[in-house]
Amino acid sequence: MPRRTIASEISATGTALHAGTQIRMTLSPGVAGSGVVFRRADLGRDIAARYDRVTETNLGTVIADGEASVGVVEHLMAAVAGAEIDDLLVTLDGPEPPILDGDALSFLVLLERAGFAQHAAPRHAIKVLKRVDVTHKDASAALEPHDGLVYDMEIDFPTKAIGRQSFGFPFSREGFRRDIAPARTFGFVHELETLKKMNRGHGASLDNTLAIEGDHVVNAQLMRFGDEFVRHKILDAIGDMALAGAPLIARFRGRRSGHALNNALLKALFADRSNYSTINLP
């Protein structure tokens with residue numbers, strides 16, 4: 001199976017979720033073997049989209065190289081993984097990709113418009129050989145040996161708007177586009193003022209974020225699934241696992257897991273060479 005990239009360059013402009021500023025993003029074909037690279041055009045720095053470049057996991061996954069960083073990469077990385085793209089250059093003129101619709105579908109549509117191309121180089125994957133798990137309080141995440149790629153997620157929030165939800169997703173491009181990519185991010189109205197005092201959430205709106213107040217979703221008319229919250233958590237996990245640098249062959253199990261545990265899981269996986277093998281995909 002050859003490595004994949006996009007066939008042509010494509011751009012989009014939108015608001016950054018946390019910074020609240022207008023961001024111009026350009027997606028360009030990547031050089032074979034380069035992986036996904038984020039370029040801060042305003043700083044003249046490139047940052048590899050890898051788990052060992054993650055410097056922050058609060059309210060989104062942040063990657064950095066020195067003083068240059070890019071935040072909230074998980075939605076775009078989920079779309080990249082969902083399209084099975086290996087090499088891509090993402091050029092930004094600010095600190096985050098635009099939030100767009102708060103999902104991965106909006107990024108996936110851009111990738112589809114650009115079209116896909118193949119490199120001569122073979123595509124490889126990371127095959128998990130033994131169970132690896134991490135925990136924090138009542139949250140956990142694990143990778144287990146499996147013949148394909150499956151995500152199992154369970155969440156539990158003390159509000160009737162979400163409650164306990166679980167979802168199992170055997171990965172496929174078609175399934176990702178249909179069942180996971182459209183799921184929007186969500187947040188709690190009572191936390192918004194605190195976020196803004198932290199200089200976060202300036203770009204969140206009722207158009208791109210499902211807003212929960214008490215036991216109700218304020219903008220429920222935007223919901224695409226009855227269990228959209230757990231599907232978005234799978235979307236986040238797919239984006240975070242894409243920072244492995246190659247597709248996984250494993251079963252991911254998450255229980256109330258978020259960006260911090262997802263990153264800790266990849267660090268645990270790669271800490272021991274006997275946990276995995278690197279194989280060429282047929």
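Predicted model: local features only at pLDDT ≥ 70, side-chain atom pairs only at ≥ 80, totals over all residues.
Local features need pLDDT of at least 70 and side-chain atom pairs count only at pLDDT 80 or more, while totals for chains, interfaces and linings use all residues. Residues are numbered from 1 along each chain as its sequence is written, and side-chain values use heavy atoms, with hydrogens and water left out.

Helices (H or I, at least four residues) and strands (E, at least two) are DSSP runs, numbered from the N terminus. Helix H3 spans residues 173–180. Its buried residues (under 20% relative accessible area, 1.4 Å probe, protein chains only) are Gly 175, Phe 176, Asp 179 and Ile 180. Viewed down the axis of H3, these residues fall within an arc of 100°, so they line one face of the helix. The arc is taken from the directions that run from the helix axis to the C-beta atoms. The face turned away carries Glu 174 and Arg 178, both exposed (over 50%; values in between count as partly exposed). The buried residues of H3 pack against H1 (74–82), H2 (105–114), strand S15 (164–170) and H5 (228–241). Contact here means heavy atoms within 4.5 Å.

H1 and H5 also pack on each other. Their axes lie 7 Å apart, at an angle of about 80°. This makes H1 roughly perpendicular to H5 (65 to 115 degrees; under 35 is roughly parallel, over 145 roughly antiparallel, the rest oblique). Axes are lines fitted to C-alpha atoms, for helices over the stretch in contact, with angles from 0 to 180 degrees between N-to-C directions. From H1, Glu 74, His 75, Met 77, Ala 78 and Ala 81 take part. They meet His 232, Leu 235, Asp 236, Ile 238, Gly 239 and Asp 240 of H5. By class, this contact has five nonpolar, three polar and three charged residues.

Leu 269 sits in helix H6 (residues 259–271). It is buried, at 0% relative accessible area. Beyond residues up to four places away in sequence, Leu 269 touches Ile 126, Val 128, Val 132, Leu 143, Leu 248, Asn 275 and Tyr 276.

Arg 123 occupies the loop between strands S10 (116–122) and S11 (124–128). Arg 123 counts as buried, at 3% relative accessibility. Its side chain joins that of Asp 86 in a polar contact of 2.8 Å. A polar atom of the Arg 123 side chain also lies 3.4 Å from the backbone oxygen of Glu 84.

Methods:
Nonpolar A, V, L, I, M, F, W, Y, C, P; charged D, E, K, R; others polar. Polar contact = N/O pair within 3.5 Å; in protein donor to acceptor, adjacent residues only side chain to side chain.
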